[in-house]
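Dear colleague,

I am handing over the structure shown below. The notes after it describe what was found there.

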Amino acid sequence: MVLGPKYAGSSNQEAFESVMGYTKMFLDFPKEPVYAERAGRSTIESCLNVLVVSLAMIMAGTGNVKVMRICRYLRSRISQVNVVLYGSHMATHMALGLLFLGGCRYTLRTSPEAIVALICSFFPKYPIHSNDNRYHLQAFRHLYVLATEPRLVIPRDIDSGQYVFVHLMLKYKDSSKQSELLKVPCFLPELHLLDEVKLLDERYWKISFQSDKNWKTLEAFLSNDGILYVKQKVGCLPYEKDSQGYKSIHAQCLLKDAVNGWSFKPTTLNEFSSDPLLITFANNQLVPKAKMYNEAILQHNLCRLLFDCASSETIDLFPTLISFLKIINPRNEKQGNNSYNLWQIKLLMDCSSFCNCLKSDFLETLKTFAETKVKVQKL
């Protein structure tokens with residue numbers, strides 16, 4: 001009974017295995033008449049009820065399958081009316097309620113007030129019948145609600161809206177405890193024990209919650225719905241589609257491989273990006289391959305710019321770069337002679353050091369075009 005409130009809602013494996021060992025031992029006692037007669041079947045039943053509730057307190061909100069199987073077995077003993085009384089069924093169903101607390105969105109905390117509420121709720125003296133209030137008022141069994149709190153983290157991709165798996169690094173305030181890496185969705189430990197919660201996953205952009213900075217933000221989204229919006233990196237796929245990371249490694253190789261000449265294909269975008277806008281643009285504008293020379297050059301430049309913007313995650317810059325492609329297009333001779341457009345090219349050249357998605361060959365093309373037009377205007 002002590003281990004249950006002490007490790008309530010922690011999913012501590014050592015405490016769970018310890019209580020589980022004694023639970024299995026007491027489950028086997030009724031099969032041996034010697035132990036059952038010496039200790040008394042009612043005593044064994046009371047101890048078994050306490051152990052099952054303690055298991056459920058430790059694994060509160062997790063829906064642990066092992067504990068649920070024990071509860072199902074205890075629930076099936078309906079025919080043993082002499083030993084399995086009303087209190088036994090109450091303990092079994094309370095354990096099931098703790099396992100799926102709040103639809104597996106809530107768990108238990110271990111503050112002093114919460115411990116008092118748990119002791120009042122799960123006092124190890126269960127009634128014989130529904131009107132039995134001699135040793136413990138049955139209304140107190142509902143006080144466990146005062147010990148519940150939401151600590152479930154559910155990561156969700158901000159672009160696709162799909163629920164995903166990510167890894168969180170937990171740093172404790174106690175320096176003697178090592179940092180812990182968790183795969184979420186899962187329950188966080190009690191927040192007063194933590195110093196930092198960081199999204200540390202090579203497939204997603206980092207997010208950090210620190211106790212002395214933005215801790216209120218963490219508490220706010222945990223109390224609302226527990227959904228943590230994450231941003232997936234380009235060249236990576238979610239764990240559901242690529243559990244081992246082989247496809248992500250292949251996509252990153254495609255990103256790092258220099259795309260020269262006419263070797264780039266628009267369908268390569270499908271290997272590292274699931275953005276529907278990018279895929280739709282590539283399928284409608286870049287496929288099939290143009291036959292005319294000027295159109296083929298324009299199509300190739302669009303492919304190259306789209307690939308560069310997508311790989312550097314600056315897709316918002318893509319429409320602006322398309323406008324520059326229109327300027328240097330041989331068909332737009334009048335637009336290219338416009339001094340306003342030449343100044344726009346000069347401004348882009350000056351700001352090119354701040355934009356990583358602009359490749360040197362594209363900048364050289366713009367520079368050559370601008371110098372040529374300036375010479376023509378001087379003549």
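Accessible areas here come from the Shrake-Rupley method with a 1.4 Å probe. On that basis, the protein chain exposes about 22,100 Å², and carbon and sulfur atoms supply 56% of this area. Please note that the model is predicted.

Overall composition

The protein chain has 379 residues, of which 41% count as buried. Its secondary structure comes to 16 helices and nine strands. As for contacts between residues at least 6 apart in sequence, 63% of them join residues at least 24 apart.

Which residues make the nonpolar surface patch of about 240 Å²? The patch is made by L85, Y86 and I128. L85 belongs to the loop that runs between α5 (65-75) and α6 (86-99). The relative accessible area of L85 is 33%, and this residue is therefore partly exposed, because partly exposed covers the range between buried, under 20%, and exposed, over 50%.

Aromatic pairs

A pair of aromatic rings is described by the distance of the centres and the angle of the planes. The structure holds three aromatic pairs. F26 counts as buried because its relative accessibility is 16%, and buried means under 20%. F29, at 19% relative accessibility, likewise counts as buried.

Another pair consists of F209 and F221. The ring centres of F209 and F221 are 5.8 Å apart and the planes stand at 40 degrees, so this pair is tilted. Why does the pair tie together parts that are 12 residues apart in sequence? The reason is that F209 lies in strand β8 (residues 207-210), whereas F221 lies in helix α8 (residues 215-224). Both F209 and F221 are buried.

Lysines over aromatic rings

Two further arrangements place a lysine over the face of a ring. K177 lies over the face of Y172, at 5.2 Å from the ring centre. K183 is placed over the face of F165, and here the value is 5.0 Å from the ring centre.

To find these places in the model, you might begin with L85 in its loop between α5 and α6, then turn to the F209 and F221 rings, and finish with K177 over Y172 and K183 over F165.

With kind regards

Notes:
Residues numbered from 1 in each chain as written. Predicted model: local features only at pLDDT ≥ 70, side-chain atom pairs only at ≥ 80, totals over all residues. Heavy atoms only, no water. Patch = residues over 30% accessible without salt bridge, like charges linked within 9 Å, V, L, I, M, F, W, Y side chains within 5 Å. Salt bridge = Lys/Arg side-chain N within 4 Å of Asp/Glu carboxyl O. Helix = DSSP H or I, 4+ residues; strand = E, 2+ residues; numbered from the N terminus. Buried < 20%, exposed > 50% of the residue type's maximum accessible area, 1.4 Å probe, protein only. Phe/Tyr/Trp six-rings, centres within 6.5 Å; stacked < 30°, edge-to-face > 60°. Lys NZ or Arg CZ within 6 Å of the ring centre and 35° of its normal. Contact = heavy atoms within 4.5 Å.
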